[in-house]
Amino acid sequence: MNTSFDLNSVIRPHILSLAPYSSARDEYTGHEGIFLDANENPYGSVTEAHYNRYPDPYQAEIKAKLSPIKKISTDRIFLGNGSDEPIDLLIRATCTPEKDHVIILPPTYGMYEVSASIHNVQIDKVSLTVDYQIDVEAVLNAITPDTKIIWVCTPNNPTGNVMQDGAIEALLKGFNGLVVVDEAYVDFTESASWIVRLDEYPNLVVLQTFSKAWGLAGLRAGMCFASAALIKILNKIKSPYNISLPAQQALLEGLSAADKKDEMVKEILKERASLRTMLENLTLVNKVYPSDANFLLVHFDDARSVMAYLIDEAIIVRDRSKVHLCEGCLRITVGTEQENEVLVEALKKYQQNKVIA
Ligand SMILES: *Cc1c(COP(=O)(O)O)cnc(C)c1O
């Protein structure tokens, strides 16, 4: 429990008192009627599909479908244009530029730092330990009176591991700002989501995304789960129609096929295991880190030249070899069975050429 957290002391005062944009359709939520309120084109669209009407600003149908899947009430769900949108909005809601701070735990997802930098917010970095866990004491020591957010990514990108529950609990208890737990890869781990702890911790925010397991990266749709009071504030400051009509339609379709997501996850987990085995059998691979995500962090003898070689072969992986604590590593997304075989064959060829040279 954290009983001393006060949301009003974390939200910027002018945001607390802000009157949101009232959209034309706020006063009438029915589907039938003659809509002459929003200056739309009444005849239809230039495209075959009809996009001439503005979409639901609060995505009620999607939240109604998502609520039983995530076992959380609709007033505690925020949907964004990717989870990158709530990342940005959480900073805007809480951090005064040039004054307030956020804490990030590198090596981690790059957007926390980029978003904070865009808003000219101070970034305090507390390195993960060498085994990629949270250094709780160092994080608690880095908190200042102006620290508003601690960003935690679990399973972490690019290291692939889950953060220990006890460490996140210690941050939630010891910090009176927001602890944002980014669970972009939650579908690929057996660890439970932090959504179930939201009642216990009013300062907890959980992010998830449709971009990974759901296979909907192109739609741009992310989820944020938090107290109803914080969700209200995010709704107040978002752009009014932040999820487009075709994206909302596709999300509705996707949410009816959650079993298909589960099947694909199963397949990806199977492939993750077999890709690991194949990589571990290569002499140019020094280490494949444990992964609770849909990628593997792999340490090579000479990551930079492996990367360059793979690009020549039109195989694109993520170079993390210059990243703190990931020196010499490439991050490889688990592909299809065939893609993984092509990758491993290419690496074998590289290995042979090296021996000959
Ligand atoms: C991929 C990823 C996201 C997803 O971002 P979207 O904007 O939802 O596509 C969020 N957080 C982390 C750590 C990620 O790796």
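Colleague: Are D100 and K148 buried or exposed?

Modeller: Keep in mind that this is a predicted model. The cut-off for calling a residue buried is under 20% relative accessible area. D100 falls in that class, and so does K148, so the word for the two of them is buried.

Colleague: OK, and how far apart are the closest N and O atoms of D100 and K148?

Modeller: These two residues form a salt bridge. D100 sits in the loop between α4 and β2 while K148 is in strand β4, so the pair ties together parts that are 48 residues apart in sequence.

Colleague: Which residues are linked with D100 and K148 in a network of salt bridges?

Modeller: Let's look at another pair, whose side chains meet in a salt bridge at 3.4 Å, N to O. One partner is in the loop between α4 and β2 and the other in the loop between α6 and β4, so this pair ties together parts that are 47 residues apart in sequence. The residues that join D100 and K148 in the network are K99 and D146.

Colleague: Which residue forms a salt bridge with R197?

Modeller: R197 has 19% relative accessibility, so it counts as buried. It lies in the loop between β5 and β6, and its partner is in helix α7, so the pair ties together parts that are 28 residues apart in sequence. The closest N and O atoms are 2.9 Å apart, and the partner is E169.

Colleague: Let's switch to D88. Which side chain does the side chain of D88 make a polar contact with?

Modeller: D88 lies in helix α4, and at 15% relative accessibility it counts as buried. Leaving out residues up to four places away in sequence, it touches S115 and H119. The side-chain polar contact, at 2.7 Å, is with H119.

Colleague: What is the relative accessible area of Y132?

Modeller: Y132 is in the loop between β3 and α6. Most residues other than glycine have a negative phi, yet Y132 has a positive phi of about 65 degrees. The residue is buried, with a relative accessible area of 4%.

Colleague: And the prolines: what is omega for the cis peptide bond that joins T154 and P155?

Modeller: Most peptide bonds are trans. P155 is in the loop between β4 and α7, and the bond that joins T154 to it is cis. Its omega is about -10 degrees.

Definitions and conventions
Residues are numbered from 1 along each chain as its sequence is written. This is a predicted model: local features need pLDDT of at least 70, side-chain atom pairs count only at pLDDT 80 or more; totals for chains, interfaces and linings use all residues. Side-chain values use heavy atoms; hydrogens and water are left out. Helices (H or I, at least four residues) and strands (E, at least two) are DSSP runs, numbered from the N terminus. Buried means under 20% relative accessible area, exposed over 50%, partly exposed in between (1.4 Å probe, protein chains only). A polar contact is a pair of N or O atoms within 3.5 Å; within protein, one must be able to donate a hydrogen and the other to accept it, and residues adjacent in sequence count only if both atoms are side-chain atoms. Contact means heavy atoms within 4.5 Å. A salt bridge is a side-chain nitrogen of Lys or Arg within 4 Å of a carboxyl oxygen of Asp or Glu.
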